[in-house]
Amino acid sequence: MLAVLFLASCSSADEKLRALIPDDAVGVVRINLPSVLNKAGIKSGEDNEIVVNIPADLKQTIDAANENLVDDVNIFGDVISNLPESGIDVKNNCYVFLSPGTYRTVALFHLDDEDKALEMVNKIAGGKMKEMSEIMFVSHLDYGYAIDDDVLLIGRYTIPVPDDKASAAAKKIFDKSSPSLLEKDEVAKAIDVKDCDVTAYIDAKGLPLIFDDSNLKPLMGELSPMNLLAGSGIKAMTATVNFNDSKKGDEKVEIVTDFICANNSIYGLIYDNIIAAADGGDCAEVLSAVPGDFDTYFAVKVNGAGILKLPGSSMLFDNLNTFPLTSGVNCKGIISSINGSLVFGMQQVGEHDYNLGISGQSSSPQMIVDEIVNIANQRGQAPDKNANGEYVYDDKYGYGDKAIAMSNRGGVVYIRYVNYVPTGGADNLPALAGVLNSSKMALYHQVKINDTPEGCLCWGLHNKTHGEGFYYTFDENENIVLSALKFLCWRDPSNIDDDEIGLADY
């Protein structure tokens, strides 16, 4: 009987949160808190006697992240560190939704103790919650915190708003003023996948937002594949995430994604003519031409001849010859010669500065090098040649401590812009090489916490709609869930944009 009552209460709590997700949300994520916390070793005990402890190394990461912050908040880390006394119901799912409204991101937690939750919010926000718009509410920097009917809402503002409007927006969510997004069958089907730690449904308009407040933001800001996908005819993305906690040395986070595409989409046209048509040969040579100690790599299979067949592309490249910077360059010849893997690599070396590298498989790599050298010569920028036969443009042309080096090897052309001499290539990254060889597109990101390598996030697109990826730690003795949580809680000060800091103070 007690078990039946427990299950019923969980179901009731879950339905309460689901009903609050408005139908204009552009995405929703469900987090299976009991499973995730159990696998992390944070939660243990019987269901009626829950014990919650925050491991020391996770707490140290959160404390170190908070030391980096002056006028910002580490909201995920703050909630985790205060979890034992938070009043949050750790027997139930929590939900996060993305919104075009007052709050761009909203997290919803069911509570088993409102008083404890109020104390936690007061501790985080540095002030006392008060009744506004018929709910308990407080604003702190660019976040609003609200409590009503055993539910905690934490929302990040889209733009600065007065407290009365922010509390009214939270009240509107609590009042269920619109039908739930989860009443839509395709959304509910994606979210209600069984035996998953995290499930997600993200509308195309929400794809860029999912990375906007994470440690992947600098990566997405520079390479921005999600922004490209959002305007290409992809309607939505679904995802499942599972933490594999089987054996030491074989622990990883498994990520599965699927794209829902519109018929006759731009994305479909590009995929069929450019990506699917590309040579799928071994990618080792093209990876070896990019420095292997970068933090981030994005690779895609490209058929350059297919680009020239797309509607309007020929005219576009003809027009490039009318611009001073590209006049006289054989743009069509360069593009059409690319056939195979095209790899971009980057490494942040300052707040707004990066080391960069690009390499690609080409049928005429020397032709590409000659074209670039010739056009530079015409502009009075004759390169030097180093001992490796690379053409080098260095600080005499205003590049400071960096140099542009360019050459070809075999069927690969490459250019790099770095402030050091590379000693090895990205072919020494087995995770990236393995995923790229079996995929049409690959993303690799080395996760660092306080400048110390923690793990690797890698994902590959296998076909037009299906992708798979993983996250693993470099330390085989590390608990994979704790490692992922440390990454999510970490806030590197160089990753915080000026417009994020103190948003609500303006």
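Me: What makes the pair E390 and R416 a salt bridge?

Reply: This is a predicted model, and in it the closest N and O atoms of E390 and R416 are 2.9 Å apart. A salt bridge requires a side-chain nitrogen of Lys or Arg within 4 Å of a carboxyl oxygen of Asp or Glu.

Me: What makes E454 and K486 a salt bridge?

Reply: The N to O distance between their side chains is 3.6 Å. The cut-off is 4 Å, so the pair counts as a salt bridge. E454 belongs to strand 21 (residues 452–461) and K486 to helix 17 (residues 480–489), so parts that are 32 residues apart in sequence are tied together. E454 and K486 are both buried.

Me: How many salt bridges does this rule give?

Reply: The count comes to 17 salt bridges. One of the pairs is R156 with D142, whose closest N and O atoms are 2.8 Å apart. R156 is in strand 9 (residues 151–157), while D142 is in the loop between strand 7 (135–140) and strand 8 (143–148), 14 residues apart. Both R156 and D142 are buried.

Me: Why is helix 2 (residues 33–40) called largely enclosed by the rest of the structure?

Reply: A residue is buried when its relative accessible area is under 20%. Six of the eight residues of helix 2 are buried, so the helix is described as largely enclosed. The buried residues are L33, P34, S35, V36, L37 and A40.

Me: Which elements do the buried residues of helix 2 pack against?

Reply: They pack against strand 1 (27–31), strand 2 (43–44), strand 4 (94–98), strand 11 (234–244) and helix 17.

Me: What makes N32 a cap of helix 2?

Reply: A side-chain oxygen of N32 lies 3.2 Å from the backbone nitrogen of S35, at the N-terminal end of the helix. A polar contact requires N or O atoms within 3.5 Å, so the distance of 3.2 Å falls within the cut-off.

Me: What is found just after helix 2?

Reply: There, G41 takes a positive phi of about 80°.

Technical notes: Residues numbered from 1 in each chain as written. Predicted model: local features only at pLDDT ≥ 70, side-chain atom pairs only at ≥ 80, totals over all residues. Heavy atoms only, no water. Helix = DSSP H or I, 4+ residues; strand = E, 2+ residues; numbered from the N terminus. Buried < 20%, exposed > 50% of the residue type's maximum accessible area, 1.4 Å probe, protein only. Contact = heavy atoms within 4.5 Å. Polar contact = N/O pair within 3.5 Å; in protein donor to acceptor, adjacent residues only side chain to side chain.
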